[in-house]
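Have the model open while you read.

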Amino acid sequence: MNKPLNNAEYLEEIGALPRSAGVTAYVIGFIGSLLITLGAYTLATHHALTTVNIILLGILALLQFAVQCIFFLHLGPHTDRPRAATFAISLVVVLILIVGSIVIMQNLNGRMMPDAAHMQHYMEEGDAF
Amino acid sequence: MIEHKDNFFGFWLYLMTDLVLFASLFAVYAVFRGSTFGGPGTEIFNTSFALMETLILLVSSFTCGIALLLARAGNRGGSIAFLITTLALGAAFVYFELSEFASFIAEGNGPSRSGFLSSYFTLVGTHGFHVTVGLVWMLALIIALIRRGFTHSTLRKLALLTLFWHFLDLVWIFIFTIVYLFGI
């Protein structure tokens with residue numbers, strides 16, 4: 001009969017909390033997230049929402065996602081294979097879902113019948129749709 | 001052989017499917033964002049209010065992580081104290097979210113007003129529902145920790161709850177950015 005595991009050994013064994021993760025990781029994750037959140041908020045409220053700024057805000061969100069994955073969820077090179085693989089596949093599914101939906105719906109919108117005012121214009125000008 | 005070793009991976013799989021669920025709701029929101037049907041658009045959002053909600057959830061994610069660290073060190077009182085702090089912050093978050101919903105509905109901008117508002121209430125409401133379920137779970141776990149202390153069972157549940165809570169904070173980052181910051 002093996003000796004029962006203590007708290008730290010058990011948490012590491014089930015893959016919940018690697019021994020290397022300490023309070024430093026959480027403090028870095030917290031301060032990093034705080035700075036990114038405040039930076040994104042300042043950018044959005046003090047500057048016009050141009051395409052460049054929208055992309056910047058998207059990058060900041062992804063950066064915070066990465067920071068929290070590393071320092072709060074402790075994902076990294078030591079993460080076991082099943083978890084890493086399902087995480088990667090889920091991200092691919094998420095990407096296909098979101099980008100696919102937006103592209104398809106915008107394309108459909110573009111092919112919709114124009115409203116009455118535009119119809120009138122088209123009929124008078126004789127433009128092809 | 002560690003008992004219930006697979007539970008952790010099972011719960012992880014659940015979180016991954018939840019991620020896909022939220023992605024669908026984000027996609028719906030992105031598509032319906034302009035479908036205001038003559039009603040109000042994203043200008044009804046109060047960005048500084050959303051920032052406050054974001055900070056509350058971020059701090060609660062941090063305190064939840066500390067609770068797990070203290071559990072690892074065997075500090076039961078400290079772990080419970082940080083869990084109660086997390087519980088209070090989470091409850092404040094749900095309260096603020098509900099008051100935001102209530103003010104929209106009082107102005108006649110409920111989920112039935114337009115496609116945009118339907119998708120907004122569904123996306124943010126689903127997140128809020130997850131947080132509420134997490135709060136009930138947390139309360140049950142606090143009671144279990146007070147009564148039974150650290151066993152492998154309560155430790156595992158604490159680790160799963162912490163994972164769930166961090167995950168909800170991750171989803172909120174994108175709600176904050178896509179719904180509130182892009183809505184200015």
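Predicted model: local features only at pLDDT ≥ 70, side-chain atom pairs only at ≥ 80, totals over all residues.

Residues are numbered from 1 along each chain as its sequence is written, chains are lettered from A and ligands numbered from 1 in the order in which they are written, and side-chain values use heavy atoms, with hydrogens and water left out.

**Chain B**
- Chain B has five helices and zero strands (DSSP runs numbered from the N terminus: H or I of at least four residues for helices, E of at least two for strands).
- Its C-alpha atoms fill a box of roughly 60 × 30 × 20 Å along the principal axes.

**Interface**
- Contact (heavy atoms within 4.5 Å) takes in 52 residues from chain A and 48 from chain B.
- The two chains bury about 4600 Å² between them, 82% of it on carbon and sulfur atoms; buried area is the accessible area (1.4 Å probe) lost on being put together, summed over both parts.
- On chain B's side, α1, α2 (47–72) and α5 each supply at least two residues, and α2(B) gives the most, with 15.
- By class, that side has 33 nonpolar, 10 polar and five charged residues (nonpolar: Ala, Val, Leu, Ile, Met, Phe, Trp, Tyr, Cys and Pro; charged: Asp, Glu, Lys and Arg; polar: the others, Gly among them).

**Largest pocket**
- On a 1 Å grid over the protein atoms alone, a pocket is an open set of points with protein on both sides within 12 Å along at least five of seven lines, a cavity is a set where a 1.4 Å probe fits but cannot get out, and lining residues have an atom within 4 Å of a point.
- The largest pocket has a volume of about 850 Å³, volume being the space filled by probe spheres set on points joined across faces, edges and corners.
- Of its 27 lining residues, Leu62(A), Ile98(A), Phe26(B), Phe174(B) and Ile178(B) lie nearest the centre.
- α3(A) supplies the largest share of that lining, seven residues.
- The lining divides into 24 nonpolar, two polar and one charged.

**Cavities**
- α5(B) gives the most to the largest cavity's lining, with five residues.
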